Amino acid sequence: MTEVLLVSGVALDLVGAGVLSHAHNAESIVELREEIDDGDEGAAVGESDALGTHAQLLAEKRIGFFLLTVGLVLYLTGLVTKSPEGVALMGTIAVAVVLAGLVTSVVFTRVVGSRVHEQARRAQEQDDPDALPEQ
């Protein structure tokens with residue numbers, strides 16, 4: 001049972017890293033587009049302008065989450081192959097948990113995303129920034 005819990009936990013960590021990676025990338029792309037439209041200056045991390053800063057941060061986020069995901073895949077693979085329960089059983093459990101996590105995260109982000117979008121639309125119609133959802 002311990003092996004099942006370890007494999008399931010690492011599989012869910014893997015899904016979480018992928019979801020976080022997508023969210024951070026999308027956030028950074030939105031910020032890049034805003035910087036292009038506004039032309040605001042706000043350089044940091046050694047870049048010459050805000051656009052360069054956001055591009056640098058986006059690249060760092062992508063490689064960081066990619067390495068986290070690869071590390072978790074390697075760890076999960078090691079747990080599965082080392083398990084006394086057998087590679088077939090533990091591999092099936094790991095794949096099933098990853099797929100269940102992915103499906104759950106897609107459904108959750110669709111449902112919650114549509115609610116947040118609706119709240120933001122109503123706040124914009126009412127011109128009430130306090131009605132916006134919390135971040």
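View 1. Helices here are DSSP runs of H or I with at least four residues, strands are runs of E with at least two, and both are numbered from the N terminus. This is a predicted model, in which local features need pLDDT of at least 70 and side-chain atom pairs count only at pLDDT 80 or more, while totals for chains, interfaces and linings use all residues. Residues are numbered from 1 along each chain as its sequence is written, and side-chain values use heavy atoms, with hydrogens and water left out. Within α3, the residues M90, G91, A94, V97, V98, G101, S105 and A123 are buried, where buried means under 20% relative accessible area, exposed means over 50%, and partly exposed lies in between (1.4 Å probe, protein chains only). After α3 comes D127, whose phi is positive, near 55°.

**View 2. The whole fold.** The protein has 3 helices and 0 strands, and along the sequence they follow the pattern α-α-α. Of the 135 residues in the protein, 24% are buried. Among contacts with a separation of 6 or more, 59% join residues 24 or more positions apart, a contact being heavy atoms within 4.5 Å.

**View 3. The largest nonpolar core.** In the largest nonpolar core, which has 14 residues, V7, L76 and V80 touch the most other members; such a core is a set of buried Ala, Val, Leu, Ile, Met, Phe, Trp, Tyr and Cys residues joined through side-chain atoms within 4.5 Å. The elements giving two or more residues to this core are α1 (2-38), α2 and α3, and α1 gives the most, with 6 residues. Leaving out residues up to four places away in sequence, V7 touches L76, L79, V80, M90 and A94. In soluble globular proteins, nonpolar side chains tend to be buried together.

View 4. Which residues does S8 touch, not counting residues up to four places away in sequence? S8, whose place is in helix α1, touches I93 and V97, and it counts as buried because its relative accessibility is 16%. E31 also lies in helix α1, but E31 is partly exposed, with a relative accessible area of 27%. E31 and A55 stand 24 residues apart in sequence and 9.6 Å apart in space, C-alpha to C-alpha.

**View 5. S83 in a loop.** S83 lies in the loop between α2 (50-82) and α3 (87-126). With a relative accessible area of 8%, S83 is buried, and, leaving aside its neighbours within four places in sequence, S83 is in contact with E3 and M90.

**View 6. The largest pocket.** The largest pocket has a volume of about 530 Å³, and of the 12 residues that line this pocket, the closest to its centre are H22, A23, A26, E27 and T109. A pocket is an open set of points on a 1 Å grid over the protein atoms alone, where a 1.4 Å probe fits, with protein on both sides within 12 Å along at least five of seven lines, and lining residues have an atom within 4 Å of a point. The volume is the space filled by probe spheres set on the points, which are joined across faces, edges and corners. The largest share of the lining, 7 residues, comes from α1.
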